[in-house]
Amino acid sequence: MRYTILLHYPEMTPDDLDPGGWEEGQREFDAYATALDQAGVLVSAEVLQPSSSTTTVAVRDGELRIQDGPFADTKEQLGGTFVVDVPDLDAALAWAQKAPSVQWGTVEVRPSATHFENGAWTTMAGM
């Protein structure tokens, strides 16, 4: 079963942290990704650019609207994702609680419904 672990947390720059804090965070996320990879459950991992680089695309009243910035105004932003392939929700939750950002943000775990692989959409079991 595939799950996406979505990391929501306040956006920070190296200037927002204590000296060495940025490097420590990078080491923690590297260790987390390495542990997922070594366990054979990591499908992909992405660290996103700051939400200020977001462009939102929507159609409203039949009109295409392209807007700079994130659509939602929240204190926490989606900062990155890890897609894992594990036996069940309990296993996904066990990995999610090890994400470094669980200490300062919210970690969301969502099962995949379908994914595109080898030229076709694949429906996940139970869908």
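**Ground rules.** I am working with a predicted model, where local features need pLDDT of at least 70 and side-chain atom pairs count only at pLDDT 80 or more, while totals for chains, interfaces and linings use all residues. Residues are numbered from 1 along each chain as its sequence is written, and side-chain values use heavy atoms, with hydrogens and water left out.

**Entry 1, the largest pocket.** I looked up its volume, which is about 640 Å³. A pocket here is an open set of points on a 1 Å grid over the protein atoms alone where a 1.4 Å probe fits, with protein on both sides within 12 Å along at least five of seven lines; lining residues have an atom within 4 Å of a point. The volume is the space filled by probe spheres set on the points, which are joined across faces, edges and corners. I find 25 lining residues, with Tyr9, Met12, Trp22, Phe29 and Val47 nearest the centre. Two or more residues each come from S1, H1, strand S2 (42-47) and strand S5 (77-85). Helices (H or I, at least four residues) and strands (E, at least two) are DSSP runs, numbered from the N terminus. H1 gives the most, with 8 residues.

Which residues of H2 (89-96) are buried? I noted Ala91, Ala92, Trp95 and Ala96. They sit on the same side of H2, because they cover an arc of only 140° around the axis, taken from the directions from the helix axis to the C-beta atoms. Buried means under 20% relative accessible area and exposed over 50%, with partly exposed in between (1.4 Å probe, protein chains only). These residues pack against strand S1 (2-9), helix H1 (21-38) and strand S6 (106-111).

I placed leucine 36 in helix H1, buried at a relative accessible area of 0%. Beyond its neighbours within four places in sequence, leucine 36 is in contact (heavy atoms within 4.5 Å) with Val41, Leu42, Phe82, Val84 and Trp95. Its C-alpha is 7.9 Å from that of valine 84, 48 residues apart along the chain.

Aspartate 61 is not a glycine, yet its phi is about 55°. I found it in the loop between strand S3 (55-60) and strand S4 (63-68), exposed at 80% relative accessibility. Asparagine 118 also has a positive phi, near 55°. Asparagine 118 lies in the loop between strand S7 (114-117) and strand S8 (120-123), and is exposed at 77%.
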